[in-house]
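Hello,

Here is the structure I promised to pass on.

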Amino acid sequence: MKLRSLLAAIAFWTLILAIALFLLLPTLVIVPISFAADTVIRFPPEGFSLRWYENVLANPAWRAATVTSLQTAIGTACLSMALGTAAAIFLYRTEFRGKAIVQGLLLSPLVTPVIVLAVGVYLVFARWGLSGTLASLVIAHTVLALPFVVVSVTASLHAVNGNLELAALGLGGSRLYVFRRILLPLIAPGVVSGGIFAFITSWDEVVMAIFLTDPGLRTVPVLIWSQLRAELDPTMAAVGTILIAISALGLGAITLL
């Protein structure tokens with residue numbers, strides 16, 4: 001029986017590893033290409049050079065796009081954590097008619113095609129005069145990222161012992177004090193994990209950004225998209241490698257939390 005269980009476990013993890021490699025290897029091919037010395041994208045690459053990373057750092061367009069992406073991602077993470085935490089606590093603690101509908105609306109961006117959301121958001125923001133602004137990007141990306149925070153914080157709330165809050169309230173603590181000193185530290189891993197997911201969602205998002213940016217305000221994914229339409233060189237691989245590295249760091253932080 002033990003041998004059979006061991007063989008089943010080996011077969012299972014072998015299958016998981018094979019699926020992971022099948023999904024990841026095509027993406028990771030760009031990493032060695034980004035260090036190629038040749039000006040033509042080919043695999044395996046020939047030579048070793050950091051010139052393409054130097055191109056990214058020296059190009060004003062890439063620097064501006066990186067700043068825009070960071071501002072958007074940080075703003076999205078902060079706004080998503082604030083709104084998502086409040087929504088998760090409210091839904092977890094409150095029972096009311098139509099609660100399932102509200103939960104479904106909050107989580108709907110996870111299953112709604114991004115192109116549908118992008119068209120709708122663009123039409124609304126264009127009417128309000130917000131299209132082409134940093135605020136429009138932050139708000140739109142918050143819509144996409146909010147479900148991750150709600151799910152993450154809700155999971156943390158299920159692990160919290162409600163008697164701790166009742167004890168603090170019974171000892172004279174105000175609701176704001178109890179939230180700040182008791183509840184928030186307990187659900188902090190869920191809040192931070194949701195914020196990291198929100199950051200990654202905004203950092204990698206391109207469809208919504210294409211609709212809401214203009215030539216003077218572009219994120220890194222949008223600039224990659226526009227550059228790919230004009231030319232293809234290992235600079236794209238260098239930028240893609242940077243995006244993968246930042247996303248991997250974010251996922252690693254979530255794992256640690």
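A residue is called buried under 20% relative accessible area, exposed over 50% and partly exposed in between (1.4 Å probe, protein chains only). By that scale Phe148 is partly exposed, since its relative accessible area is 29%.

Two notes on the source. The model is predicted, so local features need pLDDT of at least 70 and side-chain atom pairs count only at pLDDT 80 or more, while totals for chains, interfaces and linings use all residues. Residues are numbered from 1 along each chain as its sequence is written, and side-chain values use heavy atoms, with hydrogens and water left out.

Aromatic pairs

Rings of Phe, Tyr and Trp (its six-membered ring) pair if their centres lie within 6.5 Å; planes under 30 degrees apart are stacked, over 60 edge-to-face, and the rest tilted. The whole structure has six such pairs. One of them is Phe125 with Trp128, which is tilted, at 6.2 Å between centres and 35° between planes. Both sit in helix H6 (residues 114–128), three residues apart, or about one turn; helices are DSSP runs of H or I with at least four residues, numbered from the N terminus. Phe125 is buried at 6% relative accessibility, whereas Trp128 is exposed at 59%.

Phe148 and Phe197 make a stacked pair, because their ring centres are 5.7 Å apart and their planes are at 15°. Phe148 belongs to helix H7 and Phe197 to helix H9, so this pair ties together parts 49 residues apart in sequence. Phe197 is partly exposed at 30%.

Nonpolar cores

A nonpolar core is a set of buried Ala, Val, Leu, Ile, Met, Phe, Trp, Tyr and Cys residues joined through side-chain atoms within 4.5 Å. In the largest one, with 16 residues, Val153, Leu157, Leu183 and Ile187 touch the most other members. H4, H7 (134–158) and H9 (175–204) each give two or more residues to this core, and H7 gives the largest share, six residues. A second, separate core has 13 residues, including Trp52, Trp62, Leu223 and Val239.

A buried threonine

Where does threonine 76 sit? Thr76 is found in helix H4 (residues 60–93), and at 0% relative accessibility Thr76 is buried. Its side chain reaches the backbone oxygen of Thr72 at 2.7 Å. Leaving aside residues up to four places away in sequence, Thr76 touches Leu137, Val138, His141, Thr142, Ala145, Ala198 and Ser202, where contact means heavy atoms within 4.5 Å.

Best wishes

Methods: A polar contact is a pair of N or O atoms within 3.5 Å; within protein, one must be able to donate a hydrogen and the other to accept it, and residues adjacent in sequence count only if both atoms are side-chain atoms.
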